[in-house]
Amino acid sequence: MILRPVPFDHPDAVKLNDEVQAEYHVRYGDGGDATVLDPAEFRPPHGVYLIAYDEDGTPVATGGWRSQDRNEEGNEDGDAELKRMFVIAQMRGRGLARRMLAALEEDARAAGRRRMVLETGDQQPEAIALYTSSGYEPCVKFGYYREYESSMCFAKKL
């Protein structure tokens, strides 16, 4: 797996984002994640967006983080919010998500962020298992979906 930083609106990022949105729709029946994301939020040093490519140059996984500080949606100063973690179906079970997560945590730590936070949903047991086995613990809900019963938020000190 080759990890490359790319703009959030890079064609490969858009393609994988469309795939994850389709999966969210299947799981939740709501058309996908409605969280507003600005490509500028993922530009270093305030964030990063990574794509994992296989040996043939095919994009197979994605993930990013963006800086968040204390705001009306429940974030705290020094937060790095994990967004759009996704591995294409045929590449799951190979440790790609764990490697992506570790790379994103290291990048956020190097940028001076103090805590990685994420929001996922109760219909994503694979994601919940990855995060809890990687040291994430439930935290106060934040973000766009903080008032949804199906929303689950996790945090890990960096």
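Residues are numbered from 1 along each chain as its sequence is written, and side-chain values use heavy atoms, with hydrogens and water left out. As the model is predicted, local features need pLDDT of at least 70 and side-chain atom pairs count only at pLDDT 80 or more, whereas totals for chains, interfaces and linings use all residues.

An open sheet of 7 strands, with mixed pairing, has the order 1-2-3-4-5-7-6. Strand 1 and strand 6 (137-138) stand at the edges with a single partner strand each, so one side of each is left without a neighbour in the sheet. Strands (E, at least two residues) and helices (H or I, at least four residues) are DSSP runs numbered from the N terminus, and two strands pair if DSSP finds at least two bridges between them.

Strand 1 (residues 2-5) runs antiparallel to strand 2 and is joined to it by 4 bridges; Arg4 stands opposite Ile51 of strand 2. On strand 3 (residues 59-68), strand 2 pairs over 7 bridges, again in the antiparallel sense, and Gly64 of strand 3 is the bridge partner of Tyr49. Strand 2 and strand 3 form a hairpin with 5 residues between them, and Gly57 in the turn has a positive phi of about 85°. Strand 2 (residues 47-53) is mostly covered, with 7 of its 7 residues buried, where buried means under 20% relative accessible area, exposed over 50% and partly exposed in between (1.4 Å probe, protein chains only). In a regular strand the side chains alternate between the two faces of the sheet. In strand 2 both faces are covered: Gly47, Tyr49, Ile51 and Tyr53 are buried on one side, and Val48, Leu50 and Ala52 on the other.

Strand 4 and strand 5 pair in the parallel sense over 3 bridges, with Glu81 opposite Val117 of strand 5. Arg84 lies in strand 4 and is buried, with a relative accessible area of 6%. Its phi is near 55°, a positive value in a residue other than glycine. Most residues other than glycine have a negative phi, and most peptide bonds are trans. The peptide bond from Pro44 to Pro45, however, is cis, with omega near 5°. At 63% relative accessibility, Pro44 counts as exposed. Pro44 and Ala108 are 64 residues apart in sequence and 9.7 Å apart in space, C-alpha to C-alpha.

Ala108 is one of the buried residues of helix 2, which also include Leu96, Met100, Leu101, Leu104 and Glu105. Seen down the axis of helix 2, the buried residues fall within an arc of 165°, so they line one face of the helix; the arc is that of the directions from the helix axis to the C-beta atoms. At 1.5 Å a residue, the 15 residues of helix 2 should span 21 Å, which agrees with the 21 Å between its end C-alpha atoms; the expected span is 1.5 Å times one less than the number of residues. Gly112, with a positive phi near 90°, follows helix 2.

Rolling a probe the size of a water molecule over the atoms shows where empty space is left. On a 1 Å grid over the protein atoms alone, a cavity is a set of points where a 1.4 Å probe fits but cannot get out, and a pocket is an open set with protein on both sides within 12 Å along at least five of seven lines; lining residues have an atom within 4 Å of a point. Grid points are joined across faces, edges and corners, and a volume is the space filled by probe spheres set on the points.

The largest pocket holds about 850 Å³ of space. Its lining comprises 35 residues, of which Tyr24, Met85, Thr120, Gln124 and Ala127 lie nearest the centre. Two or more lining residues come from each of helix 1 (11-28), strand 4 (79-87), helix 2 (96-110), strand 5 (115-121) and helix 3 (125-133); strand 4 gives the most, with 6 residues. By class, the lining of this pocket has 16 nonpolar, 8 polar and 11 charged residues. Ala, Val, Leu, Ile, Met, Phe, Trp, Tyr, Cys and Pro count as nonpolar, Asp, Glu, Lys and Arg as charged, and the others, Gly among them, as polar.

The structure holds 1 cavity of 30 Å³ or more, and the largest cavity has a volume of about 30 Å³. The largest cavity is lined by Thr35, Glu81, Lys83, Glu119, Phe142, Gly143, Tyr144 and Tyr145, a set with 3 nonpolar, 2 polar and 3 charged residues.
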